[in-house]
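Thank you all for coming. Please have a look at the sequence and the model on the screen, and then I will walk you through a few of the local features.

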Amino acid sequence: MASKRVNFNMASECHALLKSVCAIKRISVSEYCYQLIAEDFAQLVRNDQQIRNLLISGDYPNKSKADLLKKQIKEEFPFE
């Protein structure tokens with residue numbers, strides 16, 4: 001599966017703390033940020049109908065993370 005790179009700015013002291021936390025957790029900064037964003041997005045999908053509709057209206061590669069989330073949401077919200 002192809003990946004897209006995402007860049008964002010962060011204060012240097014926050015970046016240092018983030019790198020330290022990731023080192024302690026033995027996870028890359030990318031993996032940690034991805035997990036946080038994925039968890040937040042899944043929560044948004046469940047709490048915001050507009051975001052849920054955005055997810056449900058999309059076409060995603062079979063068994064991709066987006067496809068699996070879409071199937072899960074369709075089961076949780078069968079009448080939408």
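Let me begin with a definition: a residue is called buried when its relative accessible area is under 20%, exposed when that area is over 50%, and partly exposed in between, with a 1.4 Å probe and protein chains only. What you see is a predicted model, in which local features need pLDDT of at least 70 and side-chain atom pairs count only at pLDDT 80 or more, while totals for chains, interfaces and linings use all residues. Residues are numbered from 1 along each chain as its sequence is written, and side-chain values use heavy atoms, with hydrogens and water left out.

With that in place, Arg26 is exposed, at a relative accessible area of 78%, and this residue sits in the loop between α1 and α2, where helices (H or I, at least four residues) and strands (E, at least two) are DSSP runs numbered from the N terminus. The phi angle of Arg26 is near 55 degrees, which is a positive value in a residue other than glycine. Lys63, in the loop between α3 and α4, likewise has a positive phi, near 70 degrees, and is not a glycine; Lys63 is exposed, with a relative accessible area of 65%.

Let me turn to helix α4. Which residues of α4 are buried? They are Asp67, Leu69, Lys70 and Ile73, and, seen down the axis of α4, these buried residues fall within an arc of 160 degrees, so they line one face of the helix, the arc being that of the directions from the helix axis to the C-beta atoms. The face turned away from that buried side carries the exposed residues Lys65 and Glu75.

Next come the salt bridges, each defined as a side-chain nitrogen of Lys or Arg within 4 Å of a carboxyl oxygen of Asp or Glu. By this rule the count is 2. In one, the side chains of Lys71 and Asp67 meet at 3.1 Å, N to O, and because these two residues are 4 apart in helix α4, they are separated by about one helical turn. Lys71 is partly exposed at 40% relative accessibility, whereas Asp67 is buried at 9%. In the other, Glu76 and Arg46 meet at 2.9 Å, N to O, and this pair links distant parts of the chain, with Glu76 in helix α4 (residues 65-76) and Arg46 in helix α2 (residues 29-47), 30 residues apart. Both ends are partly exposed, Glu76 with a relative accessible area of 38% and Arg46 with one of 26%.

I will finish with a pocket, which is an open set of points, on a 1 Å grid over the protein atoms alone, where a 1.4 Å probe fits, with protein on both sides within 12 Å along at least five of seven lines; lining residues have an atom within 4 Å of a point. The largest pocket has a volume of about 1,100 Å³, a volume being the space filled by probe spheres set on the points, which are joined across faces, edges and corners. Of the 30 residues that line this pocket, the closest to its centre are Lys4, Val6, Ser30, Tyr34 and Ile37. The largest share of the lining, 9 residues, comes from α2.
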